Amino acid sequence: MNKTIWIIANWKSNKNISEALEWISQVGPHISKDDNLKVVVCPTFTDLSEVKKTITVGNFPIMVGSQNLSPFGTGAYTGEESAPILNQLINLAILGHSERRQNFGETDEMVAKKVEQALVNNITPLVCVQSAETPVPQGCKLIAYEPVFAIGTGNPDTSENANQVAESLKEKNGSGLEVLYGGSVTADNVSAFVSQPNISGVLIGKASLDAEGFVKICQQVSEKI
Ligand code: PGA
């Protein structure tokens, strides 16, 4: 296929530090070192430091991401995790996930500010869009199409429709955009999504939590690259 494929694990509010490290030790040795495969794990903020250390020591081909970051830099912003501090630990940040938009009142304007913070601090922003109409902030080159009906429901979009939405997103926002699909991705359906010409990978919630299942997903994708 010869394209770069992203596999991004979004753990959401799951796994304490020991559970996180167990996952890394089970998954790390099974990820193939391939320039075309980009595997990223996005744990809770609390897990980030230990996860990063364990990946570095094991020399595993896994990048680390966060699930959010502050729209502000360092300073008097109680309770926020700012990009100039996070960039010691992470390569990527998931921004504008629908769960943040729904539960934490995150707006397109806030997402755009977070993207700005990520970019000036050398963190790759991965913005979640819920449809082809969701605005893509300036400078953002990696997005995930995640229809709300498909998240955590076991009811994924079809790979054909996801491909069409990805194509419209590229038409609107530039052909350089990489578009991932997220929403009820499993080992059984991942191949269909990554085989679509406009889809550059997957963002996985529930099915990323089980180490064995996640390895299976990575192996399915490796066969398609
Ligand atoms: P899911 O979640 O794989 O559990 O549907 C995906 C996501 O919310 O990013």
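Does Glu-99 count as buried, partly exposed or exposed, and what is its relative accessibility? Select Glu-99: at 27% relative accessibility, it counts as partly exposed. The cut-offs are under 20% relative accessible area for buried, over 50% for exposed, and partly exposed in between (1.4 Å probe, protein chains only).

This is a predicted model, in which local features need pLDDT of at least 70 and side-chain atom pairs count only at pLDDT 80 or more, while totals for chains, interfaces and linings use all residues. Residues are numbered from 1 along each chain as its sequence is written, and side-chain values use heavy atoms, leaving out hydrogens and water.

The term covers a side-chain nitrogen of Lys or Arg within 4 Å of a carboxyl oxygen of Asp or Glu. Lys-12 is partly exposed, at 21%.

Next, select Lys-53 and Glu-50. Their closest N and O atoms are 3.2 Å apart, in another salt bridge. Then pick Lys-172 and Glu-133, a salt bridge at 3.4 Å. Both residues are exposed.

Move to the cysteines. Cys-128 is buried, at 0%.

Finish at Val-41. Leaving aside neighbours within four places in sequence, its contacts (heavy atoms within 4.5 Å) include Trp-11, Trp-23 and Met-63.
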